Amino acid sequence: MKCKKIINELADYLDESLDPILRTSIEEHLGNCKDCRVVVDTTKQTIEIFCNSEPAPLPLTTRQRLHEALAKHLRHIRA
Amino acid sequence: MLPFSTKETLMNSPKLDPVEAHALPSQVVKADEPILVAAAKNGDISAFETLVGRYERKIFRLTQNITQNREDAEDAMQEAFLKAFQHLGEFQGNSRFYTWLVRIAVNQALMKLRKRRPNQVSLDEEIDTGEDMMPRDVEDWGPSPQQRYEQTELSEILGKVIGELESPFRIVFQLRDIEEMSTEETAEALGLSVPAVKSRLLRARLKLRQKLNQYFKQGGTREVQKNH
């Protein structure tokens, strides 16, 4: 298996949606190819960093505007 | 196919086999969410406001990441919460409330994006992602590279690098990897084929990996540019 094939299958590999035979072939390649191993690992970390990141607090003015708009409209909608 | 309906019948995604389920970690939903939703449906505005307080940061990050414009992001967030309240009666509880809310917010944000950039490539248009994707800068990051940064600094880095992605890649990544929608849900929400979502997702992940490399490679922390 060539490195290019690893890249093409990377998304499905990381999402664990590959068939077992292809997955085994990729893992054999990763065992012997440091560059592909690094790419797979850092791409996985990229997803995890975004997925696990806490959103920044809302800017104060944004939060004020949101809650003023909700206060204004929610009761009207429900009425 | 956009804008999609807020009706929950359209929100239900195809069930995936366990092996196909998204394997990465997810946020834990507080157990009292169904109680708050039920109270809000019965007209309890304070229960709805509690839900807003719980999700406002995540929804604002979502609308900001899609629109890349603060005013549009604020408007889309506001409209999403108001629309959710208006249509709560259609929410049957078969999916998470947050998932339902995300779908509404995505729709509002996409409408803002299209309005502001009508000549931009259509998001549901198939685009060629077939160029060479072989990664450059293959360097190890070591364990937990994000711990080298303070939380606010990390948020700033992530906001910056995702903002540098072209919208067709940025939005697929946002829905699929940040909001953890399935490939099928993402395809439905954007009017794309499943192979197109997969192709854009791979491209987005590789581009983001490349961009983060400058911050996370071992021995290579870089000062965050302020006022970007």
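These exercises with worked solutions cover a predicted model with chains A and B.

Residues are numbered from 1 along each chain as its sequence is written, and chains are lettered from A and ligands numbered from 1 in the order in which they are written. Because the model is predicted, local features need pLDDT of at least 70 and side-chain atom pairs count only at pLDDT 80 or more, while totals for chains, interfaces and linings use all residues.

**Exercise 1. Chain A as a whole**

Task: State what secondary structure chain A has and what its radius of gyration is.

Solution. 
- Step 1. Chain A has 5 helices and 0 strands; helices (H or I, at least four residues) and strands (E, at least two) are DSSP runs, numbered from the N terminus.
- Step 2. The order of elements from the N terminus is α-α-α-α-α.
- Step 3. The radius of gyration of chain A is 23 Å, whereas a compact globule of 79 residues would have one near 12 Å. This radius is taken over C-alpha atoms, and the globule rule is 2.2 Å times the number of residues to the power 0.38.
- Step 4. The C-alpha trace of chain A spans about 65 × 25 × 15 Å along its principal axes.
- Step 5. Of the 79 residues in chain A, 27% are buried. A residue is buried if 20 or more other C-beta atoms lie within 10 Å of its own, exposed if 12 or fewer, and partly exposed in between, with C-beta atoms placed from the backbone.

**Exercise 2. Chain B as a whole**

Task: Describe the secondary structure of chain B and its division into domains.

Solution. 
- Step 1. Chain B holds 9 helices and 0 strands, in the pattern α-α-α-α-α-α-α-α-α along the sequence.
- Step 2. Buried residues are 40% of the 228 in chain B.
- Step 3. Among contacts in chain B with a separation of 6 or more, 75% join residues 24 or more positions apart. Two residues are in contact if their C-beta atoms, placed from the backbone, lie within 7 Å.
- Step 4. The chain is divided into domain 1 (32-117) and domain 2 (141-228); such bounds come from an automatic or database domain assignment.
- Step 5. The centres of domain 1 and domain 2 of chain B, taken over C-alpha atoms, are separated by 22 Å.
- Step 6. Domain 1 of chain B gives 8 residues to the contact and domain 2 of chain B gives 9 residues.
- Step 7. On the domain 1 side, H3 and helix H5 (97-116) of chain B each supply at least two residues, and the largest share, 4 residues, is from H5(B).

**Exercise 3. The contact between the chains**

Task: Find how many residues of each chain take part in the contact and which element of chain B gives the largest share.

Solution. 
- Step 1. Chain B contributes 48 residues and chain A contributes 37 residues.
- Step 2. The elements of chain B that give two or more residues include helix H3 (45-67), helix H4 (70-86) and helix H9 (194-216).
- Step 3. H3(B) gives the largest share of the chain B side, 9 residues.
- Step 4. By class, that side of chain B has 26 nonpolar, 8 polar and 14 charged residues. Here Ala, Val, Leu, Ile, Met, Phe, Trp, Tyr, Cys and Pro count as nonpolar, Asp, Glu, Lys and Arg as charged, and the others, Gly among them, as polar.

**Exercise 4. Single residues**

Task: Decide whether Arg61(B), Gln68(B) and Glu16(A) are buried or partly exposed.

Solution. 
- Step 1. Arg61(B) is in helix H3 of chain B. Arg61(B) has 24 other C-beta atoms within 10 Å, so it is buried.
- Step 2. Gln68(B) is in the loop between H3 and H4 of chain B, and its phi is positive, near 55°, though the residue is other than glycine. Gln68(B) counts as buried because it has 20 C-beta neighbours inside 10 Å.
- Step 3. Glu16(A) lies in the loop between helix H2 (10-14) and helix H3 (20-32) of chain A. Glu16(A) is not a glycine, yet has a positive phi of about 55°. Glu16(A) has 14 C-beta neighbours inside 10 Å, so it counts as partly exposed.
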